[in-house]
Amino acid sequence: MSAPASLSEPVFPPLAINAELVKGILVGFIRNEVRKVGFERVILNLSGGVDSSLVAVLATEALGAQNVMALILPYKTSDPKSRTDALQMVAQLGLHHLEVDITPQIDAYFARFPEANQVRRGNKMARERMTIAYDQSLAWRALVIGTSNKTELLLGYGTIYGDTASAINPVGDLYKTQVWQLADAVGVPTAIVQKAPSADLWAGQSDETELGFQYRKVDQFLYYLVDRRYSVEELKRLGFEPAFIEDIIRRVRDNQYKRRLPLIAKLSSRTIDREFRYPRDWGH
Amino acid sequence: MSQDGRLTVALAQVDAALGDRDKNLERHRGWIQRARNSGAQLVVFPELSLTGYFLKDLVAETAVSIESPTVKQLSELSRDIDIVVGLVIEEPDHRYFNASLYFSAGELVHLHRKVYLPTYGMFDDTRYFATGNRFRSFKTSFGRAGMLICEDIWHLSSAYVLSLEGVDMIICPSASPGRGISTDERLGTAESYEILCRTYAQFLTSFFLYCNRVGYEDGANFWGGSMVIGPNGDIIARETDADEALVVARVDLGDVRRDRLANPLLRDEKLELTVNELRRVLHERTRKPF
């Protein structure tokens, strides 16, 4: 496993951000999109990683610590460091928090399906955490705030209706390398920014090992592919290997379904989201 | 206009409740009163200020006709202050226009229908709106003015036509969503608009009033940055933040004459040559077999 390069190496210039400006926009986004639909509070799953820690800081700045609830939802194989890092963020920001060990409910289910592989177990945990977040959001009258970044969303490195589910997501248009910059600038502890990104299904798991490439590299690639719309030929000329190009383009395409609502079979002349098009902020 | 040729303008850099015309009209009343209190004789609201911008199917549902009570109420509000408001106008033939209306002394003085409807990237204007087909100036108590809505100013010809009509002032209501992050202190959009607006002001030697929205719609932010620019290209007043604000500026309309004496660009403009060349280009373009 390569050492995380979140802060140590220079940022790819097109993905360098003015943290103050971006923070202002995202804090405003949270404040505006939460309050105008009649809420004051948000709730989030705080994993102890950089994405959710960043969102916790932004939400606190937007709404005040008294209006932010952090859920800490470990499984028995989660790295204990994740929990202590999450608790450190809770203490630093003065957040409400609730810990629920999800081991009993996960294990009760998989006792019936002992053959289930890691992917099934990981998805189940992500969805279990989502159901807890949505249940607590009702109990606490809060909106669920998402923490999936642009890299994860494009690669489909997340569980549909699991960690990708939320009411609003302030970091979904920031690549992982931009999340690192912003997190560092807004005071997320360096140890959290610098630790190896992990889905934390078990201690020692690493996103970059599992994906087979570094975030720094794929973010550069996605910038050219998605933001600048480079062709495959142009990407090759930039020096990306053909196998890597093919792999990432396939991932982005194959995971498109995770970024969209379920397909609706068209029958009428005004089908939801096809001809029936209203903004979500309708009336707000 | 006061005797000394001075005018106080106010740009109401406001948010809008998306699709809630009544709520927005109430808010307009408040801002108009604030503008009056600040001594302004003209208050400008952003594009679609009465409805919000990313309306989609709400375009038809928030539209009003020129004879509607809403337009009458806005006229009433203009008895002692000129007002520019953005709304969706439904024509008798049921075409919907993204329009900016200029009210003065209790009357509707002018209406501009947005000509350049962005339909690319995050925009889908032509799906919902009919296209305006003219740029016309009009007379106000403060000289000749013209209105261009947001994307209209991304086409140099729009402001050029108004300038040849002899405007002293171009008013640009806008709903520009912010995008383009880098290490700069401002969004890419904000940089571009400043370049555009200052260029028009200086090279057309006219006042330029740019009033942009603030707030968020479906996650998109409107970056504000409303500005009053003098005919020499200098920014007279500007709101740098993306917060609701009334940008008030006291301007000297005599600057138009003085700046045109110093830089007689409009005097030297070769309209006939331009028209001939445009005709030639048009002819050569249409002549091509494919």
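Two residues are in contact if their C-beta atoms, placed from the backbone, lie within 7 Å. This is a predicted model: local features need pLDDT of at least 70, side-chain atom pairs count only at pLDDT 80 or more, and totals for chains, interfaces and linings use all residues. Residues are numbered from 1 along each chain as its sequence is written, while chains are lettered from A and ligands numbered from 1 in the order in which they are written.

**Sheet and helix in chain B**
- Six strands of chain B make an open, mixed sheet, ordered β6-β7-β8-β9-β12-β13 (strands are DSSP runs of E, at least two residues; helices are runs of H or I, at least four; both are numbered from the N terminus).
- Its edge strands are β6 (137-140) and β13 (235-238) of chain B, each pairing on one side only (a pair needs at least two DSSP bridges).
- β12 (residues 227-229) of chain B pairs with β13(B) in the antiparallel sense over three bridges.
- B:Met227 sits opposite B:Arg238 in β13(B).
- Helix α6 (residues 188-203) of chain B lies across β8 (169-174), β9 (207-212) and β12 of chain B, at about 155° to β9(B) (axes are lines fitted to C-alpha atoms, for helices over the stretch in contact; angles run from 0 to 180 degrees between N-to-C directions).

**Chain A to chain B**
- 22 residues of chain B are in contact with 19 residues of chain A.
- Strand β10 (residues 214-217) of chain B gives the most to chain B's side, with three residues.

**A:Val50**
- A:Val50 is found in helix α2 (residues 50-63) of chain A.
- Its contacts beyond four places in sequence include A:Trp180 and A:Ile192.
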